[in-house]
Amino acid sequence: MRYHSHIVTSLCLGAAAAAHTSLSFTASYTAGVVIGSLLPDIDEPKSYVGRRSMGMSNKVKEAFGHRGMTHSLVVWGIIALVISWESSSLFASGFVLGYLFHILEDFFSVQGVPLFWPFTAKRFKIPIYRTGNLVEKSLFYAAFALLVYIGAKEQLFFEWWRSLALFR
Ligand SMILES: [Zn+2]
């Protein structure tokens, strides 16, 4: 999945999560979701984060391969534990969720993800789309429309705008 698809589908899921939990759809929450939804692809030098990682992604890819350890639920669990131990901020919650959403989104790609690495390198998947194909593009627009719908219905955009206003 391309990075803009990850951002939009993760924001859509993040909006749904905020609408159904006590999480507030603030600027820091959405920033956390966006950054968390991009970070797992640090293992691909050609990805959006990879191109901005100053060579780090080459090392990660060399060591573990693309869609390796950074796409594991086990690794996500450890990151989530450490982060929630360190911070209970909305940014941290958004980050942990965004990272999880990325793994979920790649789970629906034909390549799949090694959900239980390092216990098994087996890739799990429900193959629905191929990176950049028409299905992915349709998912992008569907998620975008759903994000606008949830945001309007649950007054999340108002909440988001108000959180920005607090900084002024
Ligand atoms: Zn990925």
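These legends walk through several close-up views of a predicted model. Residues are numbered from 1 along each chain as its sequence is written. Local features need pLDDT of at least 70 and side-chain atom pairs count only at pLDDT 80 or more, while totals for chains, interfaces and linings use all residues; side-chain values use heavy atoms, with hydrogens and water left out.

**View 1. The largest nonpolar core has 16 residues.** A nonpolar core is a set of buried Ala, Val, Leu, Ile, Met, Phe, Trp, Tyr and Cys residues joined through side-chain atoms within 4.5 Å. Buried means under 20% relative accessible area, exposed over 50%, and partly exposed in between (1.4 Å probe, protein chains only). Look for A15, F25 and Y29, the residues with the most contacts inside this core. Helices α1 (3-20), α2 (27-38), α5 (90-107) and α6 each supply at least two of its residues, and α1 gives the largest share, six. Helices here are DSSP runs (H or I, at least four residues), numbered from the N terminus. Leaving aside residues up to four places away in sequence, A15 touches F25, L147, I150 and L156; contact means heavy atoms within 4.5 Å.

**View 2. A second, separate core has eight residues.** Among them are V75, F95, Y99 and L115.

**View 3. K61 and E44 form a salt bridge.** The term stands for a side-chain nitrogen of Lys or Arg within 4 Å of a carboxyl oxygen of Asp or Glu. The closest N and O atoms of this pair are 3.2 Å apart. K61 sits in helix α3 (residues 56-64) and E44 in the loop between α2 and α3, 17 residues apart. K61 is partly exposed at 30% relative accessibility, whereas E44 is buried at 11%.

**View 4. R67 pairs with D106 in a salt bridge.** Here the closest N and O atoms are 3.5 Å apart. R67 lies in the loop between α3 and α4 (73-86) and D106 in helix α5, so the bridge ties together parts that are 39 residues apart in sequence. Both R67 and D106 are buried.

**View 5. E154 and K153 meet through their side chains in a salt bridge.** The N to O distance is 3.4 Å. E154 counts as partly exposed, at 32% relative accessibility, and K153 as exposed, at 53%. The structure holds three salt bridges.
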